[in-house]
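This report goes through one protein chain for a reader who has not seen it before. Please look over the sequence and the structure first.

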Amino acid sequence: MDTLNDVWKAVLAICRTKVSEVMYNMWLSPLELVKFENDTVVFCINTDFKKTIIQDKFGAVLRESFEEVMGFPVDIDIIVSEISAGSKPVPAAEKTDDTEEAEKEEEEKTPTGYEAYTFDNFIVGKSNNFAYSICVGVAQNPGNYSNPLLIYGRSGLGKTHLMLATLNEIKKNHPDYVIIYTTGENFMNEMVESIARKNPSAFRNKYRNIDVLLMDDIQFIQRGEGVQEEFFHTFDALYQKNKQIILTSDVPPRNMEILDERLRTRFEMGITADVTPPDFDTRRAIIIRKGQQLAMPLADPIVDYIAQKIKNNIRQIEGIVKKIAAMTNAYGRTLTLDDIKIIIRDVTSESQPVAVTVENVIDYVSKAFGVTAADIKSDKRQSKINTARQVAMYVLKEVTDLTLQEIGEYFKKTHATVIHALTTVAQKMQDTPNVRTIATGAIQEFQEKQ
């Protein structure tokens, strides 16, 4: 690499695989690299608030990525310019707390880099259809269709895409609306900063006089009672004025163990919609769409292989397709299936031994349904036992590489019986909240152990 710019481009490419697309566009892509000396990389940013976020949230990612490109560790330094991008320069001596609050408010009320997130390019499947439908309804009638709306599910399943697609649709239909998109962590950091500046009123005015509030990762506000108290009053101020509130979380409100009961109740006042790991067909559609976006059609055997191996993280799927595109350009040839296997091996870990996983899944499901593991493995046909057995088969299909025939052999059932079980559970997950909760909880439990 001949220039600092080449190095930075290579580092950004690596960073993009380590963080979500939203965070990349919001925080890393806009960074201005100004110099590199004495093993220190220097960036320029336009507010102290952004500097704090970059240092705390992305410092480690930047250092790791630079070391990966350059072959040796570097330090990261961030300087704050006195000129806020796109605005009239304000001399440092003349800046006041109110000026800086106003700058920050303007920056965050006008999100950029999110235009790519739309309902049209969101792949809809059984795992996210309900959440997708609710978001479309909210976008068409903000404040009235479902308020608040809370979308929950593990990281990398498309919650933020749905939230930003809703944001973009509302902006298109209501260009005069004041909209804030932020995260639970940013909300907490801003509140602390406003207290340190002895200007909490500006912070409160910012969040309580808007038309739409979208907050990612709301679970972060559990970290402090003061933050929860502040958000409680912010929530009430917006709700009473019929302003739309959209939240995402990695767990449903009932599982936020240290959340104030008043907030838990308010989060459940509207609709809570879960997003679960996509099924095989949805994963295939995501892979195909991503390949088309990168002008890189993928052969069916490669699409199928990726969909079989990466089951629980859409972001990881997209990262693999991006890496395939980058390596295809670098090698100047189409990658083979063996090449793809090496790429996937780099980003996945070995699973638990199959026998252990099967027994653990059966044990988990049996306890959730209040039956015994022996019941599930028996020929008993009572309704509760039969449902538990079918859910165990469904979970095994999602968290192991077992074939349907192999799953059937564990339960002494035919291939056709397993197919019927999978179809039945997929339908019950749409219609029966208890089955959906148990199945998705088990899938998340065992995928996180892989």
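## Helices α11 and α12

The crossing of helices α11 and α12 is right-handed. In this predicted model, α11 covers residues 280-293 and α12 covers residues 300-309. Their axes lie 9 Å apart and form an angle of about 125°. Angles from 65 to 115 degrees count as roughly perpendicular and those over 145 as roughly antiparallel, so α11 is oblique to α12.

Which residues of α11 and α12 make the contact? From α11 come F280, R283, R284, I287 and I288. From α12 come D300, V303, D304, I306, A307 and Q308. By class, the residues of this contact are six nonpolar, one polar and four charged.

## G291 in helix α11

Helix α11 also contains G291. Is G291 buried or exposed? Its relative accessible area is 1%. Residues under 20% count as buried, so G291 is buried.

Setting aside neighbours within four places in sequence, G291 is in contact with M296, P297 and V321. V303, one of the α12 residues in the contact with α11, is 12 residues from G291 along the chain. The C-alpha atoms of G291 and V303 are separated by 9.5 Å.

## Helices α18 and α19

Two packed helices are described by the angle between their axes and the distance between the axes. For α18 (residues 404-411) and α19 (residues 415-431), the angle is about 100° and the axes are 8 Å apart. This angle falls in the range of 65 to 115 degrees, which means that α18 is roughly perpendicular to α19.

On the α18 side, L404, Q405, I407 and G408 take part in the contact. They meet H415, V418, I419 and L422 of α19. The residues of this contact divide into five nonpolar and three polar, with no charged ones.

## The protein as a whole

How many helices and strands does the protein have? There are 20 helices and eight strands. The protein has 450 residues, and 49% of them are buried.

Among contacts with a separation of 6 or more, 72% are between residues 24 or more positions apart. The accessible surface of the protein is about 21400 Å². Carbon and sulfur atoms account for 49% of that surface.

How values were computed: Residues numbered from 1 in each chain as written. Predicted model: local features only at pLDDT ≥ 70, side-chain atom pairs only at ≥ 80, totals over all residues. Heavy atoms only, no water. Axes fitted to C-alpha atoms, helices over the stretch in contact; angles between N-to-C directions. Helix = DSSP H or I, 4+ residues; strand = E, 2+ residues; numbered from the N terminus. Parallel < 35°, antiparallel > 145°, perpendicular 65-115°, else oblique. Left-handed = near helix turned anticlockwise from the far one by under 90°. Contact = heavy atoms within 4.5 Å. Nonpolar A, V, L, I, M, F, W, Y, C, P; charged D, E, K, R; others polar. Buried < 20%, exposed > 50% of the residue type's maximum accessible area, 1.4 Å probe, protein only. Areas by Shrake-Rupley, 256 points an atom, 1.4 Å probe, with all protein chains shown as cover.
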